[in-house]
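Visitor: Can you walk me through this one? I'd like to start with the ligand.

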Amino acid sequence: MSSSLRAVAAPAATAPSKAARLRALIASPRLEFLMEAHDGISAKIAQEAGFPGIWASGLAISAALGVRDSNEASWTQVLEVLEFMADASAVPILVDGDTGYGNFNNVRRLVRKLCQRGIAGVCIEDKLFPKTNSFIGDGQPLADIDEFCGKIKAGKDSQTDGDFQLVARIEALISGWGLEEALRRAEAYHAAGADALLVHSKSNNAGEILAFMKEWGDRLPVVIVPTTYYGTPTDAFRDAGISVVIWANHNLRASINAMREACRAIMREESVVGIEGKIASVKEIFDLVGNRELTEAEERYLPSAREQARAIVLAATRGSQLGPLTEDRPKCMVDVRGQPLLRRLVATLREVGIRDVAVVRGYCKEKVDLATIAPIDNDAYETTGEAHSLACALDRLDGPTVIAFGDILFRGYILANLLEAEGDIVLAVDALWREREPSTKAATRDLARCSTPFSRDPLDDAPVEIAAIGSGIAEPSGEFIGLAKLTATGARRVRRMLEAMRADGSLATASLGDLFTRLAAEDEPPRALYVTGHWLDVNDAFDLARARNFL
Ligand code: SPV
Ligand code: MG
């Protein structure tokens, strides 16, 4: 085998597992810190603050679930919480396994399950099931030493990750048995195979812990929980050779105070104004739980999200052929069976998933006031045409876009097909234009001349290109219905063309047909998608009557 092939075949370096990192942390000669967390978000917050590991506290997990630290939450319920915590954070988790939820056999199963779910280690304590929190009462009964050693051995024999850590917790000081008993148990647990000892104390000073350390030395790493002797300077723990300090419940306690304060203020003031600036914003929540990653993933995996189009509706004109109906409103706001025409158009856009709809308004613009649209003003509507209106929305020509006249209605499938159609700029062209309306209307119609006529063969999907669009063009192949789709590239081309037309002075009076005709002269002409009826535009009272029937 050549040396280059050997290099390819070599196993890739992998990051150390969480268990390996917890093991290194416990073995480290430096004093390390674990921070309490009790759910996914507190785990994230602990990690964000820089803690190299997390203490999944039994007290805090129970309390967050609203129950007592007396094994009221079952071990599988705790496991469920742990799974969320492990998924939510990249740092290792040492879980408070209480007394192991039963005898040696329960510990075996617990350790196997913890390994499966990516938990780095477990701490089990030498008391009896159901456990009682160490700060409640005095003289809590201790487990038989040999029985507890059996649990330690069973746990170590069951781990499926070689680096998984089993910490044996000594409650002799808590129960009032004193230093001798604590040391006796430390020896036994060490011999049984524990990876570290947690020596717990409820004294308000570190005296008994420091005395233990003096006798114990560094035979096995020692973990402490200075909840009651928090006043001891941290350097005293460092100097005593302690391996890990656990801040065991401080996330939970901090959140209880914060929630109380917020609830009381909101209750009292019947308003959130007073506390809004003091609490995390919704955006912070999104950031913490990683919404940005989801957006990126949607772009990778979700075609509809990737192609989500916006719409620009051109609705600046009055529509004077509608006479008194448009005296106080533009024609897009004329009533069609109880709803403005524009509302019906927007509903069709929404039907195919287009929610971002901008409407360029001009005549009686204050009447174009639907809540579901973003209005854009063309205040020069009296002297300008459709291309100028579109240019008013230039900023929105960014990404996939649908352009629609504001006076049309069409069946949703036409737009759905248009969005699916190949091509960066595609216009819906009605092949049955001759049958549609009285010929007297020819002057107002945007006729289209295309590269090939409409084929009745349903299997014929050869691309059809637009050659020209306008009211008086020769040899039309169909009628542009006032609906076009642009891909991101198409939108860029249209933007560029609008800018060129502005520069050469042709923008102000140009129609949308003029714009597309100019684009048709470029290398890749816009394409036509032939449709056969199922749409209409509203120019006069006759059209309005048809619109009512269309619905
Ligand atoms: C926990 O955090 O649940 C502990 C530590 O076990 S203590 O509450 O101090 O017992
Ligand atoms: Mg506990």
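Visitor: Which residues are around ligand 1?

Guide: The residues around ligand 1, meaning those with a heavy atom within 4 Å of it, are Trp-55, Ser-57, Gly-58, Leu-59, Asp-96, Asn-133, Ser-134, Phe-135, Arg-169, His-200 and Ala-248. This is a predicted model, where local features need pLDDT of at least 70, side-chain atom pairs count only at pLDDT 80 or more, and totals for chains, interfaces and linings use all residues. Residues are numbered from 1 along each chain as written, chains are lettered from A and ligands numbered from 1 in written order, and side-chain values use heavy atoms, without hydrogens and water.

Visitor: How far is the side chain of Asp-96 from an oxygen atom of ligand 1?

Guide: An N or O atom in the Asp-96 side chain is 2.7 Å from a ligand oxygen. For Ser-57, a side-chain N or O atom is also 2.7 Å from an oxygen of ligand 1.

Visitor: And what about Arg-169?

Guide: One of its polar side-chain atoms lies 2.7 Å from an oxygen atom of ligand 1.

Visitor: How much of ligand 1 does the protein bury?

Guide: The protein buries 100% of the 280 Å² that ligand 1 exposes when taken alone (Shrake-Rupley method, 1.4 Å probe).

Visitor: Different topic. Where is the cis peptide bond?

Guide: The bond from Phe-129 to Pro-130 is cis, with omega near -5°. Most peptide bonds are trans.

Visitor: Which residue other than glycine has a positive phi?

Guide: Asp-98 does, with phi near 50°.

Conventions:
Polar contact = N/O pair within 3.5 Å; in protein donor to acceptor, adjacent residues only side chain to side chain.
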